[in-house]
Amino acid sequence: MKLNKNSYTFREIKTDKYSKFIYKINNAPDVRKFSIKKNKFSFSSHSKWFKNALKNKKEKIFLTMFNGKIVGIIREKIFKNKNYLSWVIIKKFRGQNHGKKMLKKYAAQSKRNYYAKIHKSNISSIKMSKFAGFKKTRQDNKFITFKKKC
């Protein structure tokens, strides 16, 4: 995929080349606190999960590129016949509007409905979702579910 200056592109991860990179990002305390599963995990358990995710036809992981640099990761997973998205912005790129722009572009490029389950205290991801056109569909004690219609 060719990169355009000042444009977001998405590169699907198809090998374990980025396993350690993703492990470090996803295991960081500031990422874990808003995750469904809050506990840190070993690299061994991550590697097993990552290899399975790469084989799973219902799951895809994308690097989000901007000006040739990785600024974030988007994961798409089909669960109960619904397309769920989750994401993380690389720490040094947070607060620069990359998150909301990458999510909006990713969701707009497909003719699918998307869902996102976001911790109610994760204000940044809630704002990103709303900017990208997601609407709140339900809420429980800890999480809000959003939906983006195609």
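Here are a few friendly notes on the strands, a helix and the core of this structure.

1. Please keep in mind that this is a predicted model, where local features need pLDDT of at least 70, side-chain atom pairs count only at pLDDT 80 or more, and totals for chains, interfaces and linings use all residues. Residues are numbered from 1 along each chain as its sequence is written, and side-chain values use heavy atoms, leaving out hydrogens and water.

2. Start with strands S2 (residues 59–66) and S3 (residues 69–79), which run antiparallel and are joined by eight bridges. Strands here are DSSP runs (E, at least two residues), as helices are (H or I, at least four), numbered from the N terminus; two strands pair if DSSP finds at least two bridges between them. Ile61 has Arg75 in S3 as its bridge partner. Two residues separate S2 and S3 in their hairpin, and Asn67 in the turn has a positive phi of about 50 degrees.

3. Next, follow S3 into strand S4 (residues 82–89): these run antiparallel too, with eight bridges. Phe79 stands opposite Lys82 in S4. This hairpin also has two residues between its strands, with Lys80 in the turn at a positive phi of about 50 degrees.

4. Now look at helix H4 (residues 98–108), where the buried residues (under 20% relative accessible area, 1.4 Å probe, protein chains only) include Met102 and Leu103. The buried residues of H4 line one face of the helix, because they fall within an arc of 140 degrees seen down its axis, taking directions from the axis to the C-beta atoms.

5. Finally, Trp87 is in contact (heavy atoms within 4.5 Å) with residues including Met102, Leu103 and Ile73, leaving aside neighbours within four places in sequence.

Notes: Buried < 20%, exposed > 50% of the residue type's maximum accessible area, 1.4 Å probe, protein only.
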